[in-house]
Structure formats: structure tokens, C-alpha cells
Amino acid sequence: MTETGRKAVLKASGLSKFFPGVRALDKVDFELAEGEIHALLGENGAGKSTLIKLVTGVYGRDEGTIQLAGEEVDPKDTTDAQRLGIGTVYQEVNLLPNLSVAENLFLGRQPMRFGLVDRKAMKARAKALLAEYNLHLDPAEPLSRFSVAVQQIIAIARAVDLSGRVLILDEPTASLDAGEVQVLFRIMRRLRDRGMGVVFVTHFLDQVYEVSDRITVLRNGRLVGTRETAELPRLELVSMMLGRELSAEALHRGGRREVAGEPLVSFKGFGKNRYVEPFDLEIRRGEVVGMAGLLGSGRTETAKLAFGIEQADSGEARVEGHPVKLQSPRDAIRLRFGYCPEDRKTEGIVGELSVRENIILALQARRGWLKPLPRREQEEIAGRYIKLLGIKTPDAERSIQFLSGGNQQKALLARWLATDPEFLILDEPTRGIDVGAHAEIIRLIERLCDDGLALLVISSEIEEIVSYSDRVVVLRDRRHVGSLSGDEVAMEPIMQTIAGA
Amino acid sequence: MTGMAPAFPAIRKALPQIGALAVVLLANWLVFPGFFDIRLQDGRLFGSVVDVFVRGAPVALLALGMTLVIATKGIDLSVGAVMAIAGAVAASMTNAGHGLPLTILAAIGVGLVCGLWNGMLVALLRIQPIVATLILMVAGRGIAQLITEGQIITFVDPALIFLAGGSFLSIPMPVVLVILMFVLTLLLVRATALGLMIEAIGVNLLSSAYSGVNTKVVLIAVYGWAGICAAVAGLVVAADIHGADANNAGLWLELDAILASVIGGTSLLGGRFNITLALLGALIIQAMNTGILLSGFRPEFNLVVKALVVLAVLLFQSPQLMGMLRVTFRRAPK
């Protein structure tokens, strides 16, 4: 029995998962009651997907137990989990678009007759099954004929038909429009009323409040808490997700400074349709502007516009007051911009190449292919930054892919520092980095700013933003909704602006 | 001493290829004791070993360009067809009375245009390389036939024939051309920063673009170079048979060139490349072809034996297998 008096259908106790150098999940308890919609929330890297993957048997757990209706279970893979009664539907529908709806529903368990698939029976059963979801369509049509929303419902129908006790929906609404979301919610509520436990993973707070009964929040692989939705104010939820305890690190950098003078970089009405709404942003030399907001609020999108990866369709960018062309990363680099992306692995490092080659890459690219840096100069530059930033590597010739996340991040910083930049954009510079390297990176940011660089730093860690920012820009739903400076650069005002409360 | 240190790892890395070549050459010597005999005749080297180098020249030339393309995570299926086009252009030019320089220039120019076409499909239109180059692979033979008007155009111009039959310092011209193109390619990629950029693009296109590498220009240039290499190979083949055969010149050679690159340790997933080892790969392939001809086996065996040797070289390069073997051998003595 749960505290609320309902029977627990799924109960995970003390679940832990370790990856080399990371605690992806640290002794997390999670309880799903029969007949409830339970929202699972947390920022990227909070441990939501790890928790789901442990429960559905994708990963083996390192610690903890999983109980299903009071009985201890040990799902070995997703098929095993489905057999036990736990079904999952992912954001990207993982069905086969080229097969028919009926085949998708009954794949691997088609009704048979004389050793052959009984298509007629399969079609009839598919039709009956989908009718329960108010979906009246021809099950012989290929799945790809239908919209993502319909495919989503078919995936749910399959999962419920297979499993029937627990349904996990991993960001099911990410690609649906408002009407389709309502259809999905109706189905979720009906399944709840039938006594199923539904886990709902999302980033949209409005939807959480609309449909869920309880909320569990994870942060940095730990359980922050489980609360009744009706009794949890929005602001408190945001602070649960983002964390509020001020670490010693946060107090590191004395007072906030009002940085005076002309802006080095300024954007006016800069934006792109369906990407980020037009925004104004000014950054001066020696100033750190923090960018806060929930995941998907348009932070990375702003950075990509500012670095020319995406092309703005409105507004203008100026450097030292002169309008500039910003159509590509090459334009940005010519203007002495630098960008450390959020997704280090796919957008930052060049895995197979050495630390040396990774560090000199941007500098070499700016010089052009006809002016190669002499090998000795490359080694000198790489050696200097390895020492300066304390990059831990056996030598500069080691493949960068074998370095830890923190050291990869430092090498990427070195890549830009080697180009002698004036404006650096750091997107989640401390994500996925262990605590020691975390503090070092923050100290580095402060040192760069003291050296007169203009910095735009994106982070999900509000306390971190508070610690080093002179000003903070807050984004919500792809809009710049606030700019805080002076005493307003503090946990409470930032979170209030994020929550829109 | 300082020169020695870096040379050692380079040789160690080449061990599978050197070993495979040694085994193949040894096998050739066993089935044909006169294999290593070389004689000088009319100021040109002759002999079975020399033959391996001469016959292997077209694939070696293709492998130079192919290796760069593969390093960018691409592939160029059209080089065989480009050889045919270049041969057809050279044959018609020479029969129209143009001199050798203009003939060569025209053939190479056409090869370059073909390569640039591939490069633009890949870099600008973002068509998958295997599909993009398949277009010219199919269409190219048609273009070559249009140039030759469906005939095999023969020519007697000694200057053009010299490219295959002549020699320089006793070295047969095809080998001279391979050495020339090898040095040019090496200079192009290693004396500039192009090699680094090619490898960076092959490993991670996005990271390279975000770092300011001009990925489009580099990609187009690489396919362009592959086109030039193919044109030179086409010239050699045409000069060899004293004519342009639109249907058969360079037929299936793109696959041998890919094989040579892969045997040379360049991964089809892109990244690190080594054109020296790719040349070794081309030599291994040709040594096998020659060996089987010399041995008197039916040529059908050629393909099977080739597959086995390729398998052996690739297995030797597999870190997984080597790791497994190491574990087995460590346990075995007990």
C-alpha cells in the first residue's frame, strides 16, 4: 500500500546504476500506484531515462530491487519486461512504418492458421483493439500513412495489449499538436481509470499539471521527492527540478559588477521563425551573461543563432557597433567568436583525432588549408593549453575520445582559446562532468572574464549561473522572457521568471 | 636517432600489409621460380615483379584518390567509368591531331569535372556518396560511348602510347606516373592542412564545421582529386591497349581501389588514412592476380584467393580478434 492508500503496482527501491566515472542513478526509490498517472520529471542527466531503462530491463541495475504488484521481479530485457506487464512507448515511435497497422500491433505474436499468419483474424483483432481507442481505420494500411499522433496511439495500444499493468510514456507529446495532446490525455485517463499505472515523462510543466496525479522529481541521479500534483506549487516544482541549495562554490566570486562601456557584441531583433523568437542581447568585454531556462526553452537555439550555425531571418548582429554578417560558423570565427556546444560528443570533439589535433583544429581552419601550422608549433600550442587548463591526458597524441568528459570540455575550451577569441559561448560547460572538474571549469570561466573576454554561458544549474554571471537572461518557450541584473541575479528571481509565476 | 623513433611505429602499423605482400610474393616465387628475375631490355626493366608494378598501376592510381574520399566517410563508385571517359577523350583528341600536352590536359580536365560533379552532389546536395557516385558510374560509360560513338577508337600516336609502353630511367612509365601522383597526393594532403581537415570531416562532420573547417570545399576538392587520379589511370589503360574501349576500360576497378584502401587500413567509417599503405594494398591485389596467372590455375580461382587474402589482412587489423588471440595464447602454455 502506498501512503495515499492505493496499491502500488510498481515499486523500485534503492535503484543505482554506475557508468564509468558517473553515478547515473543513486539509490532512487520510485513507486507507481494502480490507477494513477505519475509524472517523472527532471532536467537532462537527472536520471529519468536511466530509471526507465532499469525498470524495463534495458540496463542491468547495480543496486536495488524492483517489485511488481508486491512480487520481486528482475526483467532481463524489454521483451521480458513486457511479459511481466511493463510496456514502454518512446517519443520516437519505435514501430515499423513499412508494415501494416495490424502487423505492427501483433508483430511476433501473429494469430496463426495452418502454420501461416491468419491475416483475416489479425485484421479483425486489430480493428477491435483500436476501436477501444476510438480509432477507426483500416488496419491493413501501412503505418506510415498515419500521423505521428495516430502512430503514437497504435504504439500505446500495442504496449497496453502486450503488458497491461504499467505503461511508460517517454516524452509522448514532444511532436504532437495541442489537439492531439488532448486525445492522448483522454486515453491516458481511461487507462488510469482501468487501473493501470501510467508513468509520464515530459518537459512540459503545463501538461504535468493537467494530467498527472503525482510527480516524482529526479536531479543529478538522485531522488528529490515525490509529491501530490495538486499540492505542489509550480515554483516549488521548478526549484525541485533545478535545485536550490547554494554550494560554497556559488559564493566564490565576490560581488556582481556592473560592466560599463560599449557592448562588444549586440543582437537586435535577432531571431528565426519557428526556432527562437526575436531577441535583443548585448554583451560587453569582461562580462559574463548567464542564460537560464528549462530544457527546450530556446537556450541552445539562441547560441546556435549567435554562432551562425542557424541563420537568423530577422534582426541584425553588431560587433563593436558595426553590422556584421553571421551566416555560418566560419563567419563567426572570423569575428573571433567561439562556441563550446552542449553535445560535446556529436558537435564538439573529433573523437578519433588526438588532443593536439582537436586543440589546433579551429585555429588551423581559420588560417586555411594552405597555411598549415608547423608540427612543432602545434605541439607547443597543445602543450601550453594542456598545462594551462590542467587537461589530464598521458600526452597530446592520445585520442580525445579516451579522455573524461571534463578533460574533453577543457580541450574544447583550449580549441577556442587557441584562436584568441573575444566572445565565447559556452553551452552547458559543466554537464556530465565530475565535481572536481566542475569547480575548475567555473574558475576558468571567471578567469576568462577577468582577461576581458565577453562570455555567454548557458547552464541548467541555476546556482552555477548565479555564481559567475553579471547578468542573467531567462528563456521560456523559445522566448527571451527576462533579463536580470544586480541583486536580481539570485536563485529566487531567476526561478520565478522561469516558472512564469 | 631522432629519425628512427617515429619510423618504428609507422612500420609496426604497416606490418599486416607488409606481411601479406611478403606472403603473396613468396607464394608467387614458389609456383613460379623465375618470379623475381629482372632483366633490362631496350632501356626498360622487364620481369614478373616489374609486371606486378606495371599492371597494378591503374588500381594504385585510383587508390590514391579513393583513400582520400573514403577518409571523408565517402566512397567513389564512378572512378572506373571516369577512366573510360578520360581514355575516350584522350583517344579522340590524339586522333584529331592534338599534341600530347593538350591531350593529357583535356583528359585530366574531364576527370576533374567528373570529380567535381560528384563532390557537388555530396557536399552541396547532401546526397549519400554511394548513391551520388553511382549516378556517374552508370552514366559515365554512356558518356564514354557517346565520345567514342560506340566504337573502340584505336590510335597510333607514339607519344600517347609512351605513357604505358615507355620508360624513364629504365622504370616503366606507369610506375613513374604512380610515383609522381603519389608524391603529389602526399604533398597535397600532408604538406598542407588538408589531410587533417579530411580526417576531421570523416570522423565528425558537424564538429569540423562548427570549428570552422570549410567542409564543403574540402569535400568537393577530395572528389575532384579522385577524378584526376581516375583520369590518369584512364590514360595509362588507353595507352596500354592503344585505344579507348568505353565498355571495358576500368571496369570494376573501383572495387579494387576500394579494396586497396581498406587493405591499407583506411576505415570505411572515415577518419585516419594512409595513402602509402593503400599503395601497398594495390600491390598486394595485383601480386595475387599475377601470381594466379603465372601458376596456371584457372583465373576463376583468382577471385576466391583474393577474397581469402583480403579476409586475412582484415582479420589481422581487427583489434577484437587480436585481443582474443592474445588471451588464448597467454592461456595456452599452461
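This is a predicted model: local features need pLDDT of at least 70, side-chain atom pairs count only at pLDDT 80 or more; totals for chains, interfaces and linings use all residues.
1. Residues 102–125 belong to a set of chain B segments that the unreviewed UniProt entry annotates as "transmembrane region". The annotation also covers residues 14–32, 52–70, 217–239, 251–270, 277–297 and 303–325 of chain B. For residues 217–239 of chain B, the model gives 100% helix and 0% strand, with end C-alpha atoms 33 Å apart.

2. In chain B, helix 3 (residues 48–71) packs with helix 11 (residues 215–241); the axes are 8 Å apart and form an angle of about 175°. Because angles over 145 degrees count as roughly antiparallel, helix 3 and helix 11 of chain B are assigned that relative orientation.

3. The contact of these two helices involves, on the side of helix 3 of chain B, residues including B:Ala57, B:Leu61, B:Gly65 and B:Leu68. Helix 11 of chain B contributes, among them, B:Val222, B:Trp225, B:Cys229 and B:Val236. The contact residues comprise 18 nonpolar, one polar and no charged.

4. In chain A, A:Asp487 is located in the loop that connects strand 22 (479–485) to helix 17 (491–499). A:Asp487 is classed as exposed because it has 8 C-beta neighbours inside 10 Å, the limit for that class being 12 or fewer. The C-alpha atom of A:Asp487 is 9.9 Å from that of A:Asp470, the two residues being 17 residues apart along the chain.

Terms used
Residues are numbered from 1 along each chain as its sequence is written. Chains are lettered from A and ligands numbered from 1 in the order in which they are written. Helices (H or I, at least four residues) and strands (E, at least two) are DSSP runs, numbered from the N terminus. A residue is buried if 20 or more other C-beta atoms lie within 10 Å of its own, exposed if 12 or fewer, and partly exposed in between; C-beta atoms are placed from the backbone. Axes are lines fitted to C-alpha atoms, for helices over the stretch in contact, and angles run from 0 to 180 degrees between N-to-C directions. Angles under 35 degrees count as roughly parallel, over 145 as roughly antiparallel, 65 to 115 as roughly perpendicular and the rest as oblique. Two residues are in contact if their C-beta atoms, placed from the backbone, lie within 7 Å. Ala, Val, Leu, Ile, Met, Phe, Trp, Tyr, Cys and Pro count as nonpolar, Asp, Glu, Lys and Arg as charged, and the others, Gly among them, as polar. UniProt positions are given in the numbering used here, feature names are shortened, and annotations may be inferred rather than shown by experiment.
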